[in-house]
Amino acid sequence: MTRTSPPTGPAAGPRRPRASRTANRRKAAAWRVVAGAAAATVLAAACPATAVAAPETVPVPRLAWAACADGFECATARVPLDHHDPRGAGIDLAVIRHPAQDRAHRIGSLFYNPGGPAVAGTVALPMMLGQFPEEVRRRFDIVSFDPRGTGSSAPVRCFDSPADELALLAGTATGYPEGTGQQNAWADAYQRLARQCAAHNPDLLPHISTANVARDMDLLRRAVGDRQLSYLGTSYGSYLGATYANLFPGRVRAMVLDSAPDPVAWSTGHGDQATTTGGLLRNGSDVAAGRILDAFLDQCAQAGPQACAFSAGTATVTRARYGELLQRLRARPVAVNGTTYTASSALEATILSLYAANHVPNIPDTGWSRLGAKLQDLWAATETPATPTTPLPPVLHQSPDQALAVVCSDSADPPAGADYPALAASALARSGAVGPYFAWADERCADWPAQDRDRYDGPWNHPTARPILVVANTGDPAMPYEGSRTMARSLARARLLTVDGYGHTVLANASDCAAEHETRYLIDGILPAPGTVCAPTKPPFSG
């Protein structure tokens, strides 16, 4: 393997308009999903992509760009609800772009999807723009959009008011359920949520798959005037990119897939896996999270209490301390800054905090040092919650509807009545404390009622016009490195660039070396040499 030296890194960028306390809370919540927090998956039907009307028959959206503060422009694009009926009912997509800074040498548009799924690109792009390599920002209009069903693009809404949904989910455990009572309440609540979603979105839910988002993106490519697509997708956004590449292989100019799943594991699994194992477990997300949690605790111990407040001196003792913390929280939840923490909600907070090994500019409450401080606060907490009910945290429980609408349409899971407690026990045995979290995340789709006949689940090896670049961290806690390696092998023309570092997505965990390779590829089409391994810009706990 070759190891290249890191060049100059990306500069900081602007943020979305209206900095306020509410906006900052929304930005912090959105980051957790940008980093790749996924929901569950469900059994859905598929039909060949050729059944959809040829894109050339679909009217091209007209984009009337208007300034929307801080150097961004926004527009609305009208696309078909059903791509089989291109001149039938339509939906509006919210679109945002940051114009190329060097207009004289502008190459075209670079489309960006932040993952999630169901993260609003109009929110994520202003948050993450500063992470893009400087020369990429100079040469491309960077374009993102809220995928159908998400944000301001015909959003999935399953309840008449947020209060109604909070009332339904208030009886469910935060993080994941423990014990028969909590497990039954969890399954019942998500069954009722699925029914609510079906009743409130009868026309939209059958058309919410990633394949239809890819078809929308191809219309947006035409709308901005690009002959071929240049694209960067992170986390779930890499699955969207792979779907596009196999639906429209001749239209790929350049495509960076950052932190990808194994596409077969994510969609259908091998053999009878769809009826026996959930999508997150098939993808190995539990294994990755368990592995990186151990790495965090080991490095926290090595860094010492000045850099990691939760350090107990040695790796063995620090790991044992974390286990003891969870046991204490099972026996008695605590309150910190007005938020109640149980063992499962503390574990959820830990998993999400592993996604950024160092602080991400413009994103609050990120980095492993901050996670160490959070765990130490829980360890030292003496306040008992006023009530035993755990408040619902932002994003994952406040409204999971939009994320579930995508993954439950895209990925096959065991149906209702499957032995999810046994799956959780199996995940615990192979992945440690984090395992049940992923098994019960999968269960949320067990009763999902909608199927998208145009879902795409392979083959994944259609030869593309240009080769694709897959990039991944070896220490990814959400999409395991093995998934990106499998994605690169599955695609007909792809090259894997490895970053020997931690965190979910290379974009959020800076590597100057990887940024240089991505820049050369996106601008000039030059791939890194086979086997290239980059280093992160900074190791964890480096200040």
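Here is a chat about some salt bridges and disulfides in this predicted model.

Me: What makes Arg-78 and Asp-92 a salt bridge?

Reply: Their side chains meet at 3.1 Å, N to O. The cut-off is within 4 Å for a side-chain nitrogen of Lys or Arg and a carboxyl oxygen of Asp or Glu, so the pair qualifies. Arg-78 sits in strand β2 and Asp-92 in strand β3, so the contact ties together parts 14 residues apart in sequence.

Me: Are Arg-78 and Asp-92 called buried, exposed or partly exposed, and why?

Reply: Buried is under 20% and exposed is over 50%, with partly exposed in between. Arg-78 has 47% relative accessibility, so it counts as partly exposed. Asp-92 has 34%, so partly exposed is the word there too.

Me: What separates Arg-192 and Asp-188 along helix α5?

Reply: About one helical turn, because they are 4 residues apart in that helix. Their side chains meet in a salt bridge at 3.1 Å, N to O.

Me: What makes Cys-158 and Cys-197 a disulfide?

Reply: The S to S distance is 2.0 Å, and the cut-off is within 2.5 Å, so the pair passes. The link joins distant parts of the chain, 39 residues apart, with Cys-158 in the loop between β5 and α4 and Cys-197 in helix α5. Both cysteines are buried.

Me: Why is the disulfide of Cys-513 and Cys-534 called left-handed?

Reply: The torsion about its S-S bond is about -55 degrees, so it is left-handed. Cys-513 lies in helix α19 and Cys-534 in strand β12, so the pair ties together parts 21 residues apart in sequence.

Me: Why do Cys-300 and Cys-308 count as buried?

Reply: Cys-300 has 0% relative accessibility, and buried means under 20%, so it qualifies. Cys-308 also has 0%, so the label holds there as well. These two form a disulfide, with sulfur atoms 2.0 Å apart.

Methods
Residues numbered from 1 in each chain as written. Predicted model: local features only at pLDDT ≥ 70, side-chain atom pairs only at ≥ 80, totals over all residues. Heavy atoms only, no water. Helix = DSSP H or I, 4+ residues; strand = E, 2+ residues; numbered from the N terminus. Buried < 20%, exposed > 50% of the residue type's maximum accessible area, 1.4 Å probe, protein only.
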